[in-house]
Amino acid sequence: MTQHDPVRRRFLLGGAALGAGALLAACTSNDSGDDNNAQTTGNNNASPNANTAPGKKVTIGFSAPAADHGWIAAITTNAKAQAAEYSDVTFNAVEAGADAAAQRSALSTLISQKPDVIVLLPYDGKELNAFGLEAMKAGIPVVNLDRAFPDALAYRLQIKGDNYGMGVAAGNYIAAQMKAKGVSNPIIGEIAGLDNLELTQERSKGFKDALTAAGLKIANRRAAGFTVDTGQAEMSQLLQALPKMDALWNHDDDQGIGVLAAATQANRKEFLMVGGAGSKAAMEAIQADNSVLKCTVTYSPSMASSAISLARLIGQGKGMSDLVELQVPKEIILSSETITKENVSTYLPLGFS
Amino acid sequence: MTGLPAQTAPAVKEALGGGGPGPEQEGPSGNGWWSSDAGESTRRNLGLIGVLAGLIVIGIITRPDLYGLDGWWIDNVWAILKLGSTVGVVAVGMTFVIIGGGIDLSVGAIIALAGVWCTTVATQDFGAGGMIFTALAVGLGVGLVNGFLISYGRLVPFIATLAMLVAARGLAAQMSDKKTQQSGNQTINSIAADSFLGVPILVWILAVVVFLGWVLLNRTTFGRRTVAIGGNVEAARLAGINVRLHTMMLYALAGLCCGIGAVMLTSISTSAQAAMATNYELDAIAAVIIGGTLLSGGRGTIVGSLLGVVIFATITNLFALNGLSTEAQNMVKGGIIVAAVLIQQFRFKSVTQFFKRNKVTVTS
């Protein structure tokens, strides 16, 4: 799951842009007034594509957890905004409720409304696998976002970020920086997200593997809770534990605001910090280059926009015109890209807040 | 209930302001003029200080660089106190509510709502003063709503504050559009970073709130009435205390503490979000219980609650310094809560209750 050769990356970008070409330009020029932070690609770009032309009417059912977190919020915002870009798409969002069981019952009512395609970000892929099977059995293609279903019969398309790859990207960047600075035995810290989530474990494993390959190890690791205040609390303790530190990876840019605050409050700036996910605030800090945050590795909520575009194509029975295939592929894994001061201006329009 | 338990009489007398509490009032060792259960509380607090000393010894053994009396140690003391400062302030309010016979499950949600409200753009435009005022007003306001529902709406505290927990977080998420709202105000942000006379401002705030809480509980009619209501509501009512109004004030006080906590936490994390202060209600209740406050009301100390908070913060610090996992840390915390309550039950049942029952049988 960790291979991301350039071909795949191009293929992904092509898919996201639906062949429109100017992906980033589209992002900045097509923002609608009320969703001024959404990541979308429009259908009124300079180079039109057969796929973006209005076609068969498609109803897309959508469900994502109502978590109080910037990334999840961006998922919903993006999906809604992308759907609004198409005149032939009817967007039908249902509340996910408070947990996997609630989301399952909400989705059951969605099946009875018979949408053409269902796009969902499950609370937990394993717990909602049965729903995927049920919907597919009822003849409704399911597009799973981010949290994989274990059963391949439970989805038509799976599009997700690369958690392991995020850790690898962060580890590789830190290893390269340490080598460039000539630090032979660096002290490396890690502020993870929620330890009981599989995605956190995957991220940590990728980070550890990349560092091990470079002959480095993690001196101290704390798990926060993906919130700003837990990030601050764990970071302030990590800084106590490591009176001197060379590098730090913080899994999540939202909790990173707290992690940065802790560093500022402790007046510590001897280390370099790498973020995760790619929030607007993090990118702006990287661009300003006035804090310890020098880099972030992406796990972009733009996947929700791509999922809506692809769900529409599935509903219309079309493929992705950049590819030779006549249908949308079965699985897409985003590559975790490394954002530094050098390329941050390219990514800034994709930052979520 | 067939009649008034004998032990309520002194509390009632106290609440009415007539005469000092007699030595026979509560517990076998109530010998101080200033607090009815001074002996018991002191012994209990000494026990907690013993636990704290034990933790410090573990710290000295495992991390002599940070717990030993050289180098960074004072820095680490401030780190521990800063870590516990917000929960500490909340725990002061919670102590009053629990002594008064209630419970407040909504404190974390109130902090989130007050924090989100004070970081909205509209409020930030009014500067630090406006933000602080907003946070305090929202905290107080939500506390008053809690208190009103419980006192005049006759809702069970557990239900009313559980409802508020859900509703306040929902409103906070709605207001913030589920996004993290950064504080652009340097004055607010510097509260957590700055020190005064070498002591971090967060620790000053904690100290002032704890001191005021102690004075309010131990030296004022308000405090004595709180204990009386928690001990026996019916007796307190018959003694002429406006139980409803007083109970409402207790929740308002807890809400105000949450407002202060919201300013602190917003400053600490330089932002606010609807998910902030998650589980603070549990942390605060755990600290209050460990501190010797009876969950059934009528007895408790502010100092005990503070010690509970500091012990939890020290455990977190010890685990972080030694690179141990958060899961193991939570298991240890759970064990400490159970142990503290077991000791409490044993002590009160075997000694205090025994004495009280004997007295009741003798006098009636």
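**Interfaces of chains A and B**

Between chain B and chain A, eleven residue pairs are in polar contact, with both partners at pLDDT 80 or more. The count of salt bridges between chain B and chain A is zero. The model is predicted.

**Chain B with chain A**

- The contact brings together 38 residues of chain B and 29 residues of chain A.
- About 2,600 Å² is buried between chain B and chain A, and carbon and sulfur atoms give 50% of this area.
- On the side of chain B that touches chain A, two or more residues each come from α4 (73-99), α9 (186-193), α13 (243-269), α15 (302-321) and α16 (326-363) of chain B.
- The largest share of that side, five residues, is supplied by α15(B).
- By residue class, the side of chain B that touches chain A holds 18 nonpolar, 14 polar and six charged residues.

**Domains within chain A**

- Chain A is divided into domain 1, covering 58-155 + 302-334, and domain 2, covering 163-298.
- Four residues from domain 1 of chain A and five residues from domain 2 of chain A make up the contact.
- The C-alpha centres of the two domains of chain A are 31 Å apart.

**Polar features of the domain interface**

- One salt bridge is found across the interface of domain 1 and domain 2 of chain A.
- The side chains of A:Lys126 and A:Glu198 form a salt bridge, at 2.9 Å from N to O.
- One residue pair is in polar contact across the domain interface of chain A, both residues being at pLDDT 80 or more.
- The side of domain 1 of chain A that touches domain 2 of chain A consists of one nonpolar, two polar and one charged residue.

Methods:
Residues are numbered from 1 along each chain as its sequence is written. Chains are lettered from A and ligands numbered from 1 in the order in which they are written. This is a predicted model: local features need pLDDT of at least 70, side-chain atom pairs count only at pLDDT 80 or more; totals for chains, interfaces and linings use all residues. Side-chain values use heavy atoms; hydrogens and water are left out. Domain bounds come from an automatic or database domain assignment. Contact means heavy atoms within 4.5 Å. A salt bridge is a side-chain nitrogen of Lys or Arg within 4 Å of a carboxyl oxygen of Asp or Glu. A polar contact is a pair of N or O atoms within 3.5 Å; within protein, one must be able to donate a hydrogen and the other to accept it, and residues adjacent in sequence count only if both atoms are side-chain atoms. Ala, Val, Leu, Ile, Met, Phe, Trp, Tyr, Cys and Pro count as nonpolar, Asp, Glu, Lys and Arg as charged, and the others, Gly among them, as polar. Buried area is the accessible area (1.4 Å probe) that two parts lose on being put together, summed over both. Helices (H or I, at least four residues) and strands (E, at least two) are DSSP runs, numbered from the N terminus.
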